Amino acid sequence: MTMLASHITINTDFFSTTHRISGKVQMGANGLLGLLNDVNTSLVEVDNAYLSRLAEPSKIEAHLERMSVNKHNLVFVIVNRREDLGPVGLARGGYTHVTSVPVLFTTAVYEIRGTVETTSKLDAGALLTGGTGKYLPVYKVSLHSTLYPETPFTGEAIALNRTLVETLAALPKGKA
Amino acid sequence: MANILVVDDDPDLRPLMKLTLMKLGHTPALAARGEEGLAAARTGQYHVVILDVMMPDMDGYEVTRRLRADPSTQDLPILILTARSQSADYEAAMEAGADDHLAKPFNADELNAKIIKVLKGRPERHSTSPATSTARVLAVLGLRGGVGVTTLAVTLAGTLLREGKRVCLIDLSPAGGPIALHLRLRPATTWADLPNALDKNTVGQYLTSHDSGLKVLAAPPLPTRKPLTGDQFQSALTALGQAFDEIVVDTAPLLDDATSLAVTAAKQTLLVFTPEVGALQTTRSTVRALISLGVTDVKVGLMLNHISAESGLPMAAVEKALGRLPDVVVPFDRAQTAALTQGVPLVFAQPATPLVAAISHLTLNA
């Protein structure tokens, strides 16, 4: 395999409704959001993948040299560095003055608290249904599965599959 | 400086870790898999093991559990380094027996801070490692130079000898063998002649005897550019440890491989300084350097040495600069000048002098 100079590999944590998959993903200049929002592919290839069940997220159930992850059913991806999501313009749609708004998202099995960046008031419709990308960036995240609320997860940023979001609410400042 | 074993299957990360650890002043070794790491750790050469979690054959938690189950490695400090950075991962690492956890990506300062933390957390391991020795090793150190390290090392060795102990005095100086001068010895062999491998039966031929019964591993009589290597010194220290009760090391005025090994192997390092600003500054930075080597505070004895009749800085200023009072204050002793001239150390010629008395009353770590 030829690696293009613009490609970098990052370690990420993928979460479905049942499993955690930790591994390496190769991405281009558009970062992880570029990869996840690429409408020409439905899968993300994860190399050197370690599979854990959500019930025991630190226990490694299997090591796989490569796993194909279905982007449509994936709930979110945690990255340790905000910049791994991709260029700022791509992540929030342009160079403008932005405001961080604390929010709560719920999906079928997760409660997710974090901040989203908007250029005006929080517009739930635009955030969840506007544009074309399936995944949106959420920063300074803390979350847990409703099935195992005693096991929290945190991240500098996540790419959240907005098609799986069931509810969204703005939180008072400092409550994210 | 610590000997660090890195166990990580990532072929890109291993050389990066090696470079980072070398830049931090450590000596890294690399293993790509869990089994390989276990075998390397059991050699007893390492102060710390840094373990990746996600490895194909045996994950880092399992390697940790096996290290803890093995008596030869159960006290080895273990730092888990992993891309899995959730609190559940931290708890899993601690449950397996790791000492700490660091998430990737990390920077060199974070890594070094964690290494220092795990080293400090298991001080007993470092008292005997890496040089396994049955003797007590005492290091006398003064990076400033000219603060009386050799005089105090000779006095300490002589004091222990007079207590009936079998004592070996080692001169690590690369600049002309001051101990031979103090004791008026003409060594036929020095540490420059040491082979890489020694045992207790062969190490004796490299020692020089003093009339008092003191045995000396002398330094080359002329300044040398070829330092004593860590391997040579470790081998010598291990062999001497089986033949003596006490090993007193007059260290070099720099933290080269041999001196670093001496202070990490020592039950106690006596840090010598004089009551003047430059010496205090050097002492403070030396303490920090020792801590970065994994030498805990309790193993560092501060020794204020008055080498002239002038009183120097007041004790309050010394305490303020160092954050604590010296463990021992050695008074100026006029008799020392004559002793040096005559080549008969005070500890043998005039054991009742103030200088010898101060050393005799020193409380040393057992």
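A:Phe15, A:Phe76, A:Tyr110 and A:Phe153 form one aromatic cluster in this predicted model. Rings of Phe, Tyr and Trp (its six-membered ring) pair if their centres lie within 6.5 Å; planes under 30 degrees apart count as stacked, over 60 as edge-to-face and the rest as tilted. Three aromatic pairs occur over all chains. A:Phe15 and A:Phe153 make an edge-to-face pair, 4.8 Å centre to centre with 65 degrees between the planes. This pair links distant parts of the chain: A:Phe15 lies in strand E1 (residues 8-15) and A:Phe153 in strand E9 (residues 152-161), 138 residues apart.

A:Phe76 belongs to strand E5 (residues 76-79) and A:Tyr110 to strand E7 (residues 110-118), 34 residues apart. A:Phe76 and A:Tyr110 are both buried.

Chain A has three helices and ten strands, taken as DSSP runs numbered from the N terminus (helices H or I, at least four residues; strands E, at least two). Of its 176 residues, 43% count as buried.

Residues are numbered from 1 along each chain as its sequence is written, and chains are lettered from A and ligands numbered from 1 in the order written. Local features need pLDDT of at least 70, side-chain atom pairs count only at pLDDT 80 or more, totals for chains, interfaces and linings use all residues, and side-chain values use heavy atoms, with hydrogens and water left out.

Note on methods
Buried < 20%, exposed > 50% of the residue type's maximum accessible area, 1.4 Å probe, protein only.
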